[in-house]
Amino acid sequence: PPPPAAAAAAAATTTSTAAGDGAGGAADGAAGSDGADGAGEERKAAVLSALRSIIDPDLGDDIVSCGFVKDLAVDAAGGAVSFRLHLTTPACPVKDRFKADAESVVGALEWVQEVQVAMSAAPPKPLSPAMPPGLVNVSNILAVYSCKGGVGKSTVSVNLAYALAQMGARVGILDADIYGPSLPTMVSPEVTVLEMDAQTKRIKPNEYKGVKCVSFGYASQGAAAIMRGPMASGVVEQLLTTTDWGELDYLLIDMPPGTGDIQLTLCQGVPLTAAVVVTTPQKLAFVDVAKGVRMFARLRVPCAAVVENMAHFEVDGVKHFPFGKGSGERICQAYGVPNLIEVPIEPDLSAAGDCGEPAVVSAPASATARTFGELGAAVVKEVSKIRSGRTDILVGFCGTEDRLIAIDAPGMERRLLLRAVDVRRADRGAASVDEWTGERLTDPADVPEDIEPQEMAALGNYAVQILWPDGLNQVAPLDQLQDLPALTAEQGGAEFDMQRQWAQPPEIEVVDESEEVADPRMAMLDDGTEVQMPAL
């Protein structure tokens with residue numbers, strides 16, 4: 001079957017011009033036929049009506065309302081129809097299906113003799129107006145992360161990058177592991193050293209098979225990186241922000257293991273769109289990887305997918321699980337991550353990484369390449385949802401007797417009203433439940449009935465993050481929250497100020513009435529004169 005629709009297409013730039021007003025999404029095209037007679041306008045309406053039967057399976061809306069239909073033109077006399085489907089990324093995994101369906105439904109109109117469908121994609125839009133100069137034309141920054149070394153994170157990073165490139169995206173990859181760079185071994189660009197433009201003072205990325213590659217390994221030329229954490233963080237930040245990446249749909253960062261200086265520098269220095277978490281089936285990997293997921297939760301970076309590497313191998317059609325199974329599934333269940341991709345033990349995958357040509361490139365028709373194609377489609381789908389703004393979760397709280405938490409999310413038939421104490425007692429994080437065995441570590445009865453959240457925020461499109469007075473930082477997946485006993489709107493009887501981020505107001509008003517005073521610090525010059533520091 002075709003990969004899940006990313007509809008790539010429903011990202012923020014397009015949605016804002018068309019969402020919700022039906023024919024408004026095609027207004028650009030409809031307005032381009034000055035002097036069209038009544039019959040022409042009726043036939044345009046018929047074309048739009050036919051196109052509304054094509055539904056984006058992820059966003060649940062038709063391609064007209066999503067704003068994909070542009071430049072609609074109808075030749076009423078000759079029966080010719082032409083229009084353009086404008087996607088927000090060239091990597092949309094269902095772009096061919098969209099085009100085929102559009103030609104089919106419009107061609108089925110009895111008066112249509114000819115259908116011409118053009119395809120286009122929007123240029124990259126920066127994540128933030130304050131992006132460093134080298135990143136201003138990068139649409140999405142993805143962190144590939146494990147928290148545990150040796151789980152195949154670099155293998156996943158490189159093959160995911162080339163899978164996205166094969167889908168039509170413009171892709172770059174940064175190897176952020178200063179102490180053990182892998183990229184120089186896994187790809188073989190013609191230029192194997194980093195060069196800096198003498199005029200712009202920007203690093204020029206190396207390129208291999210259409211993907212831009214930057215690694216400290218191209219600068220160190222095999223020498224060991226002997227440096228402390230702050231210096232290593234500075235090197236990574238320089239590679240990321242001073243490289244002239246150009247126009248990219250996706251920049252992948254192959255993160256080093258751990259939760260230290262480099263990880264925080266990357267997570268806080270640039271706005272990450274999403275993360276892809278890599279694990280293996282063993283408990284040892286699961287425990288550390290779960291810490292990484294919680295780190296991203298605290299930084300409010302949604303996880304798009306979990307990749308369980310070395311999940312199994314197959315002999316004569318029978319799957320064998322030498323390292324056990326269930327690690328990736330446990331992470332998805334505990335934290336509500338929407339996609340799980342299992343990568344089998346495959347000798348060709350390992351060999352491809354050692355010879356400098358990723359498996360997705362050397363064997364594009366292999367089962368391994370199809371697996372990474374599924375991962376690429378899942379990532380595009382989740383990024384499209386995140387950037388579209390149409391899947392936002394809204395939260396609110398009312399300190400009535402029941403102390404209610406309210407949650408609005410796309411796909412829910414009605415607002416979810418839950419008692420705060422029920423949500424807190426349902427926590428399945430590491431502080432409350434042994435994540436491997438499922439055994440309860442705390443007694444839910446110890447949670448007081450009058451507990452109230454301090455802060456709440458949407459986490460991607462799949463969970464709510466809640467900070468409690470006892471210091472617990474809870475990640476509550478929507479599917480788990482929907483299993484809790486809920487109140488009806490009539491039972492709740494409260495009004496909520498729904499927001500993406502909510503915080504308890506301070507108990508007393510905070511007023512800064514301090515007067516600005518001059519810096520009293522003094523310094524002595526060589527001649528013995530004392531001066532204030534600002535003057536010095």
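Analyst: A cavity is a set of points, on a 1 Å grid over the protein atoms alone, where a 1.4 Å probe fits but cannot get out; lining residues have an atom within 4 Å of a point. Grid points are joined across faces, edges and corners, and a volume is the space filled by probe spheres set on the points. This is a predicted model: local features need pLDDT of at least 70, side-chain atom pairs count only at pLDDT 80 or more, and totals for chains, interfaces and linings use all residues. Residues are numbered from 1 along each chain as its sequence is written, and side-chain values use heavy atoms, leaving out hydrogens and water.

User: How many cavities of 30 Å³ or more are there?

Analyst: The structure has two. The second largest cavity holds about 40 Å³ of space.

User: Switching topic: where is His-312?

Analyst: His-312 sits in the loop between β14 (303-309) and β15 (313-315).

User: Buried or exposed?

Analyst: His-312 is buried, at 7% relative accessible area; buried means under 20%, exposed over 50%, partly exposed in between, with a 1.4 Å probe and protein chains only.

User: What does His-312 touch?

Analyst: Leaving aside residues up to four places away in sequence, His-312 touches Lys-319, His-320, Phe-321, Pro-322, Glu-342, Pro-344 and Ile-345, where contact means heavy atoms within 4.5 Å.

Notes:
Helix = DSSP H or I, 4+ residues; strand = E, 2+ residues; numbered from the N terminus. 1 Å grid on protein atoms, 1.4 Å probe; cavity = no way out; pocket = protein on both sides within 12 Å on 5 of 7 lines; lining within 4 Å.
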